[in-house]
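I opened this notebook to record what I looked up in one structure. The entries follow the order in which I worked.

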Amino acid sequence: MGHVKLHIPGPVEVSDKTFEAFCRPMIGHRGQGFKDLYARIQPQLQTLLGTRQLVYLSTSSAWGVMEAAIRNLVSKKVLNCMCGAFSDKWLDVSKRCGKAADGLQVAWGSPILAAEVDRRLATGEYDALTLIHNETSCGLMNPLEEIAALKAKYPDVLFVVDTVSSLSAVPMNFETLGIDVLLAGVQKAFALPPGLSIFTCSPAALAKAGAAGDRGYYFDFLEFQKNAEQHMTPSTPSVSHVYALSAKLDDIFAEGLEGRYARHRRTNQMLRDWAAGHGFTLFPEKGYESMTLVCVNNGAKPGGRVIDVAKFQKLVKDQGILIDGGYGKIKGTTFRISNMGDETPESIQALIDVLNGALAKL
Ligand SMILES: *Cc1c(COP(=O)(O)O)cnc(C)c1O
């Protein structure tokens with residue numbers, strides 16, 4: 001069978017160039033070659049995340065670091081902001097780590113609003129908060145800046161932000177936001193193969209981790225810090241991923257961050273226009289739509305066109321492209337199409353041509 005191009009919201013299509021970098025000959029992770037590699041990408045990562053702190057490399061999917069944040073930082077109780085499948089799951093993970101945890105739940109497709117976060121944090125019950133910037137399951141982007149602004153009012157609450165499907169696609173600045181942990185996996189907006197995550201921690205987060213007695217080893221934030229100071233990782237990393245990340249960062253800075261963000265705005269707008277042009281509405285509340293995918297409403301909410309998603313998806317796949325048929329409880333009543341990674345106006349136009357051909361056959 002021929003290759004099916006991925007337009008699902010992660011993992012996304014990986015370029016031949018990235019795979020070439022991925023396949024470079026192996027080196028030892030304690031040798032100078034690896035240290036030089038990590039030292040070279042460190043300032044690029046710091047610029048991308050807008051952090052003065054070191055950026056760590058974790059050989060795990062994003063959930064590893066998401067769980068680690070709970071284990072390293074929560075001693076009193078964590079408030080998990082929930083607005084979709086990934087953010088809902090974080091409450092479950094907090095509890096599985098044996099922590100006291102509450103959910104701030106809103107309906108899928110609705111944003112987490114700063115006023116509600118403020119109201120909950122004002123109880124004084126919490127020492128940590130988790131937020132997913134771009135809730136990939138329903139194509140919703142939360143108002144991160146407004147929520148992060150609360151950090152000034154609650155300096156003792158550690159703010160953990162998942163930017164798995166937004167980092168590198170939209171502007172991000174860890175220092176300006178004033179948050180404590182920023183994390184992302186690389187198989188979404190970075191368009192690398194799955195298996196590596198990157199994250200950065202504030203001095204307050206590191207201090208809090210130091211006081212936590214049961215943070216384990218593999219995901220111990222202090223081990224990441226200690227090793228990163230020597231351009232190393234606590235345990236053997238996926239060196240291949242680091243090669244691929246290095247190649248990608250060179251591409252990102254060659255394109256320029258502003259150009260990259262503009263490209264994502266443009267390709268996302270093309271997909272929004274495509275949906276509207278065919279009578280569809282989007283699932284997320286207006287004003288909170290993601291910039292890296294569209295989650296198209298297909299009966300989950302009143303209004304807009306409704307089609308047979310499974311049939312549509314199959315017709316598109318027959319043309320060599322995979323789109324997503326909806327996540328979890330909104331499977332079939334929504335569908336999702338990604339513009340993350342290396343997609344260009346030209347490649348999105350080619351996708352739209354295929355979508356149009358499939359729609360015509362329904
Ligand atoms: C995909 C995703 C995750 C989980 O990533 P894994 O690689 O499966 O660990 C977490 N958060 C968001 C927002 C995601 O899109």
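**Entry 1. Ground rules.** I noted that this is a predicted model, in which local features need pLDDT of at least 70 and side-chain atom pairs count only at pLDDT 80 or more, while totals for chains, interfaces and linings use all residues. Residues are numbered from 1 along each chain as its sequence is written, and side-chain values use heavy atoms, with hydrogens and water left out. I took helices (H or I, at least four residues) and strands (E, at least two) as DSSP runs numbered from the N terminus.

**Entry 2. The sheet of 7 strands.** I looked up the strand order and found an open sheet running S2-S10-S9-S8-S5-S3-S4, with mixed pairing. Two strands pair if DSSP finds at least two bridges between them. Strand S2 (55-58) and strand S4 (101-105) each have a single partner strand, so one side of each edge strand has no neighbour in the sheet. On average, neighbouring strands of this sheet are turned by 20 degrees against each other, direction ignored. Axes here are lines fitted to C-alpha atoms, for helices over the stretch in contact, and angles run from 0 to 180 degrees between N-to-C directions.

I then checked two of the pairings. Strand S8 (residues 158-162) pairs with strand S9 (residues 181-185) in the parallel sense over 3 bridges, and Val 160 stands opposite Val 181 in S9. S3 and S4 are also paired in the parallel sense, over 5 bridges; Leu 79 has Asp 102 in S4 as its bridge partner.

**Entry 3. Strand S3.** Is S3 enclosed or open to the outside? I found that 5 of the 5 residues of S3 are buried, so the strand is largely enclosed by the rest of the structure. Buried means under 20% relative accessible area, exposed over 50%, and partly exposed in between (1.4 Å probe, protein chains only). In a regular strand the side chains alternate between the two faces of the sheet. In S3, Val 78, Asn 80 and Met 82 are buried on one side, and Leu 79 and Cys 81 are buried on the other.

**Entry 4. Helices on the sheet.** Helix H2 (residues 32-49) lies across S2, S9 and strand S10 (197-201), at about 115 degrees to S2. Helix H4 (residues 85-96) lies across strand S3 (78-82), S4, strand S5 (128-132), S8 and S9, at about 155 degrees to S3. Contact means heavy atoms within 4.5 Å.

**Entry 5. Helix H9.** I found that 6 of the 8 residues of helix H9 (residues 221-228) are buried, so H9 is largely enclosed by the rest of the structure. The buried residues are Phe 221, Glu 223, Phe 224, Gln 225, Asn 227 and Ala 228. They pack against H2, S2, helix H3 (62-73), S9, S10 and helix H8 (203-211).

**Entry 6. Two helix pairs.** H2 and H10 pack at an angle of about 45 degrees, with their axes 10 Å apart. The two helices are therefore oblique to each other. Angles under 35 degrees count as roughly parallel, over 145 as roughly antiparallel, 65 to 115 as roughly perpendicular and the rest as oblique.

For the second pair, helix H12 (residues 309-318) packs with helix H13 (residues 345-361) at an angle of about 130 degrees, with the axes 9 Å apart. That angle makes H12 oblique to H13. From H12, Phe 312, Leu 315 and Val 316 make the contact, and from H13, Val 354, Leu 355, Ala 358, Leu 359 and Lys 361.

**Entry 7. Two single residues.** Lys 248 lies in helix H10 (residues 239-255). Is Lys 248 buried or exposed? Lys 248 has a relative accessible area of 2% and is therefore buried. Not counting residues up to four places away in sequence, Lys 248 touches Thr 18, Phe 190, Ala 191, Leu 192 and Asp 342.

Arg 52 sits in the loop between H2 and S2. With 68% relative accessibility, Arg 52 counts as exposed. Under the same exclusion of residues up to four places away in sequence, Arg 52 touches Gln 46 and Glu 175.

**Entry 8. The sheet of 3 strands.** Lastly, I looked up an open sheet in the order S11-S12-S14, with antiparallel pairing. S11 and strand S12 (residues 293-297) pair over 2 bridges, and Thr 281 has Asn 297 in S12 as its bridge partner.
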